[in-house]
Amino acid sequence: VAVTAMLEPYVELKGENLNVAKISESGKKQRKNWTSMWTMLTADQLLFYKDKQQETSQKPGAKAEVVQLCGAVIEWTTEKSSRKNVFQVTTNTGSEYLLQVDSYSTASKWYDTVRKAIDSSTKA
Ligand code: I3S
């Protein structure tokens, strides 16, 4: 088990505040509404929480928005927002999320790691 675990690429990211705008749900266009979300990355999901407290809350209803990364597509975009460092995640069910943060190093860390999670969960 230890050996396999070591061979797995490290793709998880701990919570951090990112600006998120869902622009499409199941292929249906949504009104863009940027919201700061407490964001986490697991091996195959992006999780959006309202805030850090909601992540650890045991209350029913304190749930995350879950984005399945298997079969998803990620790309930087300069056309869908005037903001800097925006990338888009499109799920295999046709939901589209814009993610953004002013720090380029933070944005590229999330971009690179989400891309790795998409690659490994899509192959799996
Ligand atoms: O793609 P859009 O419509 O120019 O996106 C802007 C709108 O979502 C705007 O909200 P209102 O439609 O309520 O005005 C937001 O305030 C802007 O931030 C959006 O543009 P940016 O370039 O920030 O993604």
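Me: Hi! Where does Ser26 lie?
Reply: Ser26 is in the loop between E1 and strand E2 (28-29). Strands here are DSSP runs of E, at least two residues long, and are numbered from the N terminus. The model is predicted: local features need pLDDT of at least 70, side-chain atom pairs count only at pLDDT 80 or more, and totals for chains, interfaces and linings use all residues. Residue numbers start from 1 along each chain as its sequence is written.

Me: What's the phi of Ser26?
Reply: Ser26 has a positive phi of about 50°, although it is not a glycine. Most residues other than glycine have a negative phi.

Me: Is Ser26 buried or exposed?
Reply: Ser26 is exposed, because it has 8 other C-beta atoms within 10 Å.

Me: New topic: how many bridges join E3 to strand E4?
Reply: Four, and the two strands run antiparallel. Strands pair if DSSP finds at least two bridges between them. A hairpin through three residues joins E3 to E4, and Leu41 stands opposite Leu46 in E4.

Me: Which residues are around the ligand?
Reply: Lys32, Trp34, Ser81, Ser82 and Arg83, where the C-beta atom, placed from the backbone, must lie within 6 Å.

Definitions and conventions. A residue is buried if 20 or more other C-beta atoms lie within 10 Å of its own, exposed if 12 or fewer, and partly exposed in between; C-beta atoms are placed from the backbone.
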